[in-house]
Amino acid sequence: MGPHRKNGPPNPMSIKANDVDLFHSASNKALMQLLGQIDEMFDNYANEETNVIEAAGIEELCSDLKMRADDVRMLMLAWKMKGKRQGLITQDEWRRGMKALEVTSLEKLVKALPGLEREVRRPLIFKDFYAFAFQYNLTEELQKTLDIYSVCLLLKIVLRSQFRPQVDSFIHFLQIQKEYMVLTLDQWMEFYRFCNEISFPELDKYDEKLAWPLLIDSFVEWLRQNNN
C-alpha cells in the first residue's frame with residue numbers, strides 16, 4: 001500500500017463540471033432569495049399599476065423611517081440607488097441601493113442609515129454626492145439649470161450642516177441679487193470649492209484673477225462691501 005495522502009485544499013483543476021453547476025445553483029438560489037426579500041420591501045411602497053415607488057410611496061417610506069421628505073438621508077438613499085428622477089424609485093434602483101447597503105428589511109435599512117451618512121461625509125465621496133444632489137433635482141428633460149429658490153432649499157439640505165456661515169451668506173446674496181435667476185452645475189460645484197478653499201469671513205485667499213465664476217466674484221464683492 002502506498003503512503004497515506006493527507007487531506008489538503010481541493011485542487012481547482014480537479015473540480016468537476018457538476019460541482020461548478022451545484023455551486024452556481026446555490027449562489028443563484030441565495031441571490032434569488034436576497035432579491036425576493038428586497039422586492040418584498042419594494043412592493044410595500046410601489047404603485048401596483050406602474051411598479052414604481054411614486055410620491056405617495058416615498059411619503060410612506062419616510063414615515064416608516066421616521067424622517068421628513070427633505071431629510072438629507074433620503075437624498076443619500078437616492079444617491080446610493082443612483083436614482084434618475086426625483087420623486088420616483090424604480091425596482092432596479094431599489095435593488096441596487098438595498099444590495100449595496102446589504103439591506104433586506106425596514107429594520108436593517110434603519111440600522112444602515114448611520115453608516116451611509118458616514119460614507120457620504122467622506123470628502124471625495126461627498127463631492128460626488130453634492131453634484132448628484134443638483135442633477136437629481138433637474139426634473140425636466142434637457143434641463144441644465146436650477147432656479148434660485150430650489151438652489152437655496154437644496155443648499156440648506158445638503159451643505160449647511162458643514163458650512164453654515166458660507167451657506168447662509170450665499171443664500172442671502174442669491175435672494176437679493178437680480179442678475180442670476182438660475183444656477184448651472186458648474187456654479188453649484190464652484191461654490192463648494194469656495195467653501196473648502198477660501199477662509200471665511202476673512203476671504204484673504206480669494207483672488208479674482210483666478211478661474212472663479214462671475215457669480216462667485218460678485219458674491220465676494222458683495223461680502224467685502226458689507227464687511228467694510
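Here is a short chat about a predicted model of one protein chain.

Reader: What share of the residues in the protein chain is buried?
Author: A residue counts as buried when its relative accessible area is under 20%. The protein chain has 228 residues, and the buried ones make up 40%.

Reader: Among contacts between residues at least 6 apart in sequence, what share joins residues at least 24 apart?
Author: Contact here means heavy atoms within 4.5 Å. Take the contacts in the protein chain between residues at least 6 apart in sequence; the share that joins residues at least 24 apart is 64%.

Reader: Which residues touch the most other members of the largest nonpolar core?
Author: As background, nonpolar side chains in soluble globular proteins tend to be buried together. In this model the largest nonpolar core holds 71 residues. The ones touching the most other members are Trp 94, Leu 155, Phe 191 and Phe 194.

Reader: What does Phe 194 touch, leaving aside its neighbours within four places in sequence?
Author: Phe 194 is one of the core residues that touch the most other members. Leaving aside those sequence neighbours, its contacts are Gln 166, Phe 200, Leu 203, Tyr 206, Trp 212, Ile 216, Phe 219 and Val 220.

Reader: Is Gln 166 buried or exposed?
Author: Gln 166 turned up among the contacts of Phe 194, and it is found in helix H8, residues 164-176. Not counting residues up to four places away in sequence, Gln 166 touches Phe 191, Phe 194, Cys 195, Phe 200 and Phe 219. Its relative accessibility is 8%, so Gln 166 counts as buried.

Reader: How many Å lie between Gln 166 and Phe 200, C-alpha to C-alpha?
Author: Along the sequence, these two are 34 residues apart. They are also in contact. In space, C-alpha to C-alpha, Gln 166 and Phe 200 are separated by 7.1 Å.

Reader: Which residue does a cis peptide bond join to Phe 200?
Author: Look at omega, which is about 10 degrees for this cis bond.

Reader: Why does Ile 198 count as buried?
Author: Ile 198 lies in the loop between H9 and H10. Leaving aside neighbours within four places in sequence, Ile 198 is in contact with Leu 203, Lys 205, Tyr 206 and Trp 212. The cut-off for buried is under 20%. Ile 198 counts as buried because its relative accessibility is 6%.

Reader: Where is Glu 102, and is it buried or exposed?
Author: Glu 102 sits in the loop between helix H4 (91-101) and helix H5 (106-121). Its phi is near 60 degrees, a positive value in a residue other than glycine. At 68% relative accessibility, Glu 102 is exposed.

Reader: What is phi of Leu 142 near?
Author: You can find Leu 142 in the loop between helix H6 (123-136) and strand E3 (145-147). With 75% relative accessibility, Leu 142 counts as exposed. Leu 142 is a residue other than glycine with a positive phi, near 70 degrees.

Reader: Which residues does Asp 39 touch, not counting residues up to four places away in sequence?
Author: Start from helix H1 (residues 17-45), where Asp 39 has its place. Asp 39 has 13% relative accessibility, so it counts as buried. Apart from those sequence neighbours, Asp 39 touches Gln 91 and Arg 95.

Reader: How many disulfides does the structure hold?
Author: A disulfide needs a pair of cysteine sulfur atoms within 2.5 Å. Cys 62 is buried at 4% relative accessibility, and Cys 152 is buried too, at 5%. The number of disulfides in the structure is zero.

Reader: Which helix gives the most to the lining of the largest pocket?
Author: The largest pocket has about 610 Å³ of space. Its lining has 24 residues, with Ala 69, Asp 70, Leu 75, Gln 86 and Tyr 136 nearest the centre. Helices H2 (55-65), H3 (72-81) and H7 (148-158) each supply at least two lining residues. The one that gives the most, with five residues, is H3.

Reader: How many residues of that lining are nonpolar?
Author: Sort the lining of the largest pocket by residue type: six are polar and three are charged. The nonpolar ones number 15.

Conventions. Residues are numbered from 1 along each chain as its sequence is written. This is a predicted model: local features need pLDDT of at least 70, side-chain atom pairs count only at pLDDT 80 or more; totals for chains, interfaces and linings use all residues. Side-chain values use heavy atoms; hydrogens and water are left out. On a 1 Å grid over the protein atoms alone, a cavity is a set of points where a 1.4 Å probe fits but cannot get out, and a pocket is an open set with protein on both sides within 12 Å along at least five of seven lines; lining residues have an atom within 4 Å of a point. Grid points are joined across faces, edges and corners, and a volume is the space filled by probe spheres set on the points. Helices (H or I, at least four residues) and strands (E, at least two) are DSSP runs, numbered from the N terminus. Ala, Val, Leu, Ile, Met, Phe, Trp, Tyr, Cys and Pro count as nonpolar, Asp, Glu, Lys and Arg as charged, and the others, Gly among them, as polar. A nonpolar core is a set of buried Ala, Val, Leu, Ile, Met, Phe, Trp, Tyr and Cys residues joined through side-chain atoms within 4.5 Å. Buried means under 20% relative accessible area, exposed over 50%, partly exposed in between (1.4 Å probe, protein chains only).
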